[in-house]
Amino acid sequence: MTQQHKDLAAGRWKELSFIEQMANIGSEVERALNWQAKHNPAYSQKAYERALELVDLTLDCVMSFARLKELARVREALVDYFSGTNQFMSAESSWRKYFLPFTYAARRGC
């Protein structure tokens, strides 16, 4: 997988708050879901890969064990949903519900 967010990987990602990081991850997941609904698997895959890259960048800078645990579980569930057998039985609506509060909080500046 090639690196899509080179400037973020170079250190800018660590300057964002956890809420902003999660909102950005949610944006990529949202894009992947939207392309999936439009039956465009190539674009959906690219957005999914960008989301995983952002998750990995966030995992690298998370200090709290609780956040690390949650984020690792999110990554596992994303991989299961987009690339696996969906054994966790995730749904498009559950992904949207999970990331939406982060988007609201980031917009409010929390």
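Me: Buried means under 20% relative accessible area, exposed means over 50%, and partly exposed lies in between, with a 1.4 Å probe and protein chains only. On that scale, are Trp 95 and Phe 99 buried or exposed?

Reply: Trp 95 and Phe 99 are both buried. This is a predicted model, where local features need pLDDT of at least 70 and side-chain atom pairs count only at pLDDT 80 or more, while totals for chains, interfaces and linings use all residues. Residues are numbered from 1 along each chain as its sequence is written, and side-chain values use heavy atoms, with hydrogens and water left out.

Me: OK. How many aromatic pairs are there in the whole structure?

Reply: Nine. Rings of Phe, Tyr and Trp (its six-membered ring) pair if their centres lie within 6.5 Å; planes under 30 degrees apart count as stacked, over 60 as edge-to-face and the rest as tilted. Tyr 81 and Phe 82 are edge-to-face, because their ring centres are 4.9 Å apart and their planes are at 90°.

Me: Are Tyr 81 and Phe 82 buried or exposed?

Reply: Tyr 81 is buried at 16% relative accessible area, and Phe 82 is buried at 16% as well.

Me: And how are the rings of Trp 95 and Phe 99 arranged?

Reply: They are stacked, since the centres are 6.2 Å apart and the planes are at 20°. Trp 95 and Phe 99 are four residues apart in helix H5 (residues 92–108), so about one helical turn separates them. Helices here are DSSP runs of H or I with at least four residues, strands are runs of E with at least two, and both are numbered from the N terminus.

Me: Which residues do ring pairs link into a cluster?

Reply: Phe 18, Tyr 48, Tyr 81, Phe 82, Trp 95, Tyr 98, Phe 99 and Phe 102.

Me: Switching to helix packing. At what angle do H3 and H4 pack?

Reply: Helix H3 (residues 41–61) and helix H4 (residues 65–82) pack at about 165°, with axes 10 Å apart. The pair is therefore roughly antiparallel. Axes are lines fitted to C-alpha atoms, for helices over the stretch in contact, and angles run from 0 to 180 degrees between N-to-C directions. Under 35 degrees counts as roughly parallel, over 145 as roughly antiparallel, 65 to 115 as roughly perpendicular and the rest as oblique.

Me: Which residues make the contact between H3 and H4?

Reply: Contact means heavy atoms within 4.5 Å. Those involved include Tyr 48, Leu 52 and Val 55 of H3 and Leu 71, Leu 78 and Phe 82 of H4.

Me: What about H2 and H3, what is the distance between their axes?

Reply: The axes of H2 and H3 are 7 Å apart, and the angle is about 165°. That makes H2 roughly antiparallel to H3. Among the residues in contact are Phe 18, Ile 25 and Trp 35 of H2 and Tyr 48, Ala 51 and Leu 54 of H3.

Me: Loops next. Where is His 39?

Reply: His 39 lies in the loop between helix H2 (18–37) and H3. His 39 has a positive phi of about 60° although it is not a glycine, and it is exposed at 72% relative accessibility.

Me: And where is Asn 86?

Reply: Asn 86 is in the loop between H4 and H5. Asn 86 is not a glycine either, yet its phi is positive at about 55°. At 22% relative accessibility, Asn 86 counts as partly exposed.

Me: Last one, Ser 90: buried or exposed?

Reply: Ser 90 is buried, at 14% relative accessibility. Ser 90 is also found in the loop between H4 and H5. Leaving aside neighbours within four places in sequence, Ser 90 is in contact with Ala 77, Tyr 81 and Trp 95.
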